[in-house]
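Please consult the sequence and the structure shown here before reading on.

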Amino acid sequence: MVLTVIPCLCSVFQLSKSNSQYHKIFKEISKEEQLRQSYTCALQKDILYQGRMFVSDHWICFHSKVFGRDTK
């Protein structure tokens with residue numbers, strides 16, 4: 001399994017939007033857990049899963065939706 005990360009500098013607006021997406025996708029994570037950064041990345045398994053990596057103080061999460069299938 002290979003994870004390729006593409007760094008980006010996010011504006012405050014983008015980070016706020018990503019924080020909303022983070023909590024919408026990962027409902028089990030407390031709302032008090034603030035997102036620090038998000039990255040466009042791809043997870044290589046049997047196929048390439050292009051998605052986003054979300055980094056907070058206590059979590060590193062990955063989400064991809066390929067062919068209508070959610071991968072977390």
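## Salt bridge

Arg36 and Asp57 form a salt bridge in which the closest N and O atoms are 2.9 Å apart. A salt bridge is defined here as a side-chain nitrogen of Lys or Arg within 4 Å of a carboxyl oxygen of Asp or Glu. Arg36 belongs to strand S2 (residues 35-44), whereas Asp57 lies in the loop between strand S3 (48-56) and strand S4 (60-66), so the pair ties together parts that are 21 residues apart in sequence. By this rule the count comes to one salt bridge.

The two partners can also be described by their accessibility. Arg36 is partly exposed, with a relative accessible area of 47%, and Asp57 is exposed, at 51%. Buried means under 20% relative accessible area, exposed means over 50%, and partly exposed lies in between, with a 1.4 Å probe and protein chains only.

## Basis of the model

The model is predicted: local features need pLDDT of at least 70, side-chain atom pairs count only at pLDDT 80 or more, and totals for chains, interfaces and linings use all residues. Residues are numbered from 1 along each chain as its sequence is written, and side-chain values use heavy atoms, with hydrogens and water left out.

## Overall architecture

The protein chain contains one helix and five strands, and from the N terminus on the elements run β-α-β-β-β-β. Helices (H or I, at least four residues) and strands (E, at least two) are DSSP runs, numbered from the N terminus. Of the 72 residues of the chain, 33% count as buried.

## Cysteines and Ala42

Cys41 is buried at 3% relative accessibility, and Cys61 is buried with a relative accessible area of 8%. A disulfide is taken to be a pair of cysteine sulfur atoms within 2.5 Å; by this rule the count comes to zero disulfides.

Ala42 is placed in strand S2 and counts as buried, at 11% relative accessibility. Ala42 and Phe62 are 20 residues apart in sequence, and their C-alpha atoms are 9.2 Å apart in space.

## Positive surface patch

Lys24, Lys27, Lys31 and Lys72 gather in a patch of positive charge on the surface. Such patches are made of residues with over 30% relative accessible area and no salt bridge, like charges being joined within 9 Å. Lys and Arg count as positive and Asp and Glu as negative, while His and the chain ends are not counted. The place of a charge is taken as NZ of Lys, CZ of Arg, CG of Asp or CD of Glu. Accessible areas come from the Shrake-Rupley method with a 1.4 Å probe.

Lys24 is found in helix H1 (residues 12-25) and is exposed, with a relative accessible area of 65%. Lys72 is located in the segment after S5 and is exposed, at 57%. Lys72 and Phe62 are ten residues apart in sequence, with a C-alpha to C-alpha distance of 5.4 Å.

## Backbone at Phe67

Phe67 has a positive phi of about 55° although it is not a glycine. Most residues other than glycine have a negative phi. Phe67 sits in the loop between S4 and strand S5 (69-71) and counts as exposed, at 79% relative accessibility.

Key: Patches are made of residues with over 30% relative accessible area and no salt bridge: like charges are joined within 9 Å, nonpolar side chains (Val, Leu, Ile, Met, Phe, Trp, Tyr) within 5 Å.
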